[in-house]
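Subject: A structure for you to look through

Dear colleague,

I am passing on the structure below, together with some notes on what was found in it. Please keep the model open while you read, so that you can look up each place in turn.

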Amino acid sequence: MKAYQLILTFALCLSACSFQPRASWVTTTEGEQWVEQDDLVSASSDTIPDIDAVVHTGKKLQKIDGFGACFNELGWISLSKLDPTVREEILEELFFPEIGANFTICRMPVGANDFSRDWYSYNETDGDFDMQYFTIANDQQTLIPFIKGAQKYNPDLSIWASPWCPPSWMKYNKHYASAYTGETYSEKYRNGLPADKVGYEGTDMFIQDSLYLRAYALYFSKFIEAYRGQGIDIFAVMPQNEFNSAQIFPSCCWTAASLADFIGNYLGPAMKELDVKVMFGTMERANETLVDTILTDPASGKYISGVGFQWAGKGAIKGIHERYPAMKLYQTEQECGDGRNDWRGAVYSWNLMRHYLENGASAYMYWNISLDKGGISRWGWAQNSLVVVDPDAKTFRYTPEYYVMKHLSHYVQPGARKLETSGQYSNLMAFVNPDKSIVVALANEGNEERQVSVEIDGSVYQPVLPAHSIATLLID
């Protein structure tokens, strides 16, 4: 009997040892990006007196749809200045599953945005309510090859879309812009909008007439069908980018009530016919009431499958998540930076990611995938990007913000669940993947390296985080 017990104990020990989780981790600092580490300390929880953070694997939060960025014209133009083989290497790094960033969900514009070559829409023929002159010919040169280049490495890439501006003839001011540039802007960045034609937050710049609203819903339908003809499926649309913002670039203010009417009586039914989801956004104000207007309206609310937030909209996501816990929420645009692409911007991005994901976001999307050095838009705005291209030297580099994104997107799989955490060390996020692996992303914003004790299912892991670093711990 004793011999049997001894054999049984030995077998159980072997079983436990064979199923001991494997741990690996990687760090990024300003000077050293994506360094695979091998000095991870692992110990039983009863030998560690002080636990900094606990990952509660039994407390699962929102499902993660994925991470990504936005396809825009200047992004493709910058990548096109590189040798084609180099461009392919970048697309592979961004989109091929399990290789690099592993992007799985991306955004695209419906027509021009602030990082287009110039203004255009898919139909600038005034009064063409039947959309006979609708065309995506412009996109054949830029957005379509950009998206197809990504699809080559990830055919299952999910794409949603939103307009920055309708055809200019559908606006009261008959112009793509909504704000006056005047004499203070460099001549090459002026938009030509007269001072008496500007728009204002809280007003409707889109012509609120059923003839125009019906035509605009048809415009969306034509867009979906035209892209399907190119082998690009759009799974969802949002009716307007930043509907409160009058900008010098393509933009269009709406009231929430008018958007509710457009969604409930025109856009929603049109997209339902094409099996395309409608999400409300992009919400760029901290005013939850604007979201409530759409979600509680009997006509529009039944069509809304999610809400997207960006910029100051980050102030509204927490309350909306608390009051509509079953509603899918997206972060729709990384705040754009200043073109410097420095470490300070990367740390800011990390904290934005934490804010959105801690408050219910299921997807997180950067803005510019790639830009020329300096990141200047058609309308004079310098912004950050994941890739910076030097067009003269025909070289490129990945920016610090790229690595911040990669610290989550490389490891957190679509279908993962955010996990609740607790403890004195709160500068971290944790997820459980469909394959049961655990991902813990941490940051050390201090001036000294720091060892952090993280307890997961009774085991404690003690990575030593370099000063000013981002790290990811994978328990496989």
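Helix H5 (residues 210–229) and helix H6 (residues 256–273) have axes that come within 9 Å and cross at roughly 35 degrees, where helices (H or I, at least four residues) and strands (E, at least two) are DSSP runs numbered from the N terminus, and axes are lines fitted to C-alpha atoms, for helices over the stretch in contact, with angles from 0 to 180 degrees between N-to-C directions. This is a predicted model, in which local features need pLDDT of at least 70 and side-chain atom pairs count only at pLDDT 80 or more, while totals for chains, interfaces and linings use all residues. Residues are numbered from 1 along each chain as its sequence is written, and side-chain values use heavy atoms, with hydrogens and water left out.

The crossing of H5 and H6 is right-handed, a word used if the near helix is turned clockwise from the far one by less than a right angle, and left-handed if anticlockwise. On the H5 side the contact (heavy atoms within 4.5 Å) includes Leu213, Tyr216 and Phe220, which meet residues of H6, among them Phe262, Tyr266 and Leu267. The residues of this contact of H5 with H6 divide into ten nonpolar, two polar and two charged; here Ala, Val, Leu, Ile, Met, Phe, Trp, Tyr, Cys and Pro count as nonpolar, Asp, Glu, Lys and Arg as charged, and the others, Gly among them, as polar.

A second pair is formed by helix H10 (residues 343–358) and helix H11 (residues 400–409), which pack at an angle of about 30 degrees with their axes 8 Å apart. That angle makes H10 roughly parallel to H11, a term for angles under 35 degrees. The crossing of H10 and H11 is also right-handed, and the contact is made by residues including Trp343, Trp350 and Met353 of H10 and Pro400, Val404 and Leu408 of H11. In the contact of H10 with H11, nine residues are nonpolar, two polar and one charged.

A search of the whole structure finds 21 salt bridges, each a side-chain nitrogen of Lys or Arg within 4 Å of a carboxyl oxygen of Asp or Glu.

Two details of the backbone deserve a look. Most residues other than glycine have a negative phi, and most peptide bonds are trans. Glu98, however, has a positive phi of about 70 degrees although it is not a glycine, and its place is in the loop between helix H3 (84–95) and strand E6 (105–109). A cis peptide bond, with omega about 5 degrees, joins Gly281 and Thr282, and Thr282 is found in strand E9 (residues 277–283).

Notes: Parallel < 35°, antiparallel > 145°, perpendicular 65-115°, else oblique.
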